[in-house]
Amino acid sequence: MTEVTTTMTLQELGAEASGCTKCRLSGGRTQVVFGVGNPDADVMFIGEGPGYHEDKQGEPFVGAAGQLLTKLLGEIGLRREQVWITNVVRCRPPGNRDPLPDEIEACRPFTEGTIENVRPRVIVTLGNFATRVILDKAVSISRVRGQRFIVDGRTVIPTFHPAAVLHGGGEAGSQMTALRTDFQTIRQIVAEPVPVAAVPQEQLGLF
């Protein structure tokens with residue numbers, strides 16, 4: 001493998017990820033689950049790691065949690081094809097266990113490179129692990145969910161992972177109510193005008 005850098009294109013990052021053996025997760029995967037969606041998306045969702053169905057299909061969030069994510073997107077007028085979806089690790093942890101710190105670090109260059117390529121206005125972190133990676137703080141999702149953070153000029157909205165919601169009472173539970181509230185926040189942010197400073201000068205007719 002070559003060294004992964006933030007100057008790589010998404011295609012180059014995906015190609016590097018497909019052959020990555022930088023951590024123990026590579027030994028048990030069926031395939032790498034790099035990411036999917038619109039490479040110019042305004043909104044990026046970052047989860048924890050692939051599960052059984054994702055490992056088989058090579059696409060993130062295609063199981064029950066993914067179906068819930070797709071439903072929530074539809075409720076705010078978005079489709080999967082309009083956003084970018086990925087995880088902090090791109091190989092399935094055995095038994096769907098939590099990803100370990102060194103596994104997350106091994107995948108960090110792919111996470112950072114993807115953000116630099118897609119350049120989303122909004123990053124939605126799903127669950128504790130993604131939130132801690134993007135905020136670079138040991139926070140609890142229950143304490144920070146629904147809040148707005150600015151990281152490198154981008155708005156970050158932490159919220160519950162759909163899988164946790166399904167395990168914690170499903171669509172009738174309080175976490176589901178909170179998740180829906182957070183998705184409304186996402187819709188509000190996306191609807192806000194892009195700040196003039198964020199618009200390339202050539203689009204303003206200055207050149």
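Eight names make up the buried side of α8: M176, A178, L179, D182, F183, T185, I186 and I189 are its buried residues, where buried means under 20% relative accessible area and exposed over 50%, with a 1.4 Å probe and protein chains only. Looking down the axis of α8, these buried residues fall within an arc of 165 degrees, so they line one face of the helix; the arc is taken from the directions from the helix axis to the C-beta atoms. This is a predicted model, where local features need pLDDT of at least 70, side-chain atom pairs count only at pLDDT 80 or more, and totals for chains, interfaces and linings use all residues. Residues are numbered from 1 along each chain as its sequence is written, and side-chain values use heavy atoms, leaving out hydrogens and water.

On the face of α8 turned away from the buried side sit the exposed residues S174, T177 and A191. The buried residues, meanwhile, pack against β2 (43-47), α3 (64-75), β4 (122-126), β6 (154-159) and α7 (162-167), with contact meaning heavy atoms within 4.5 Å. Helices are DSSP runs of H or I with at least four residues, and strands are runs of E with at least two, numbered from the N terminus.
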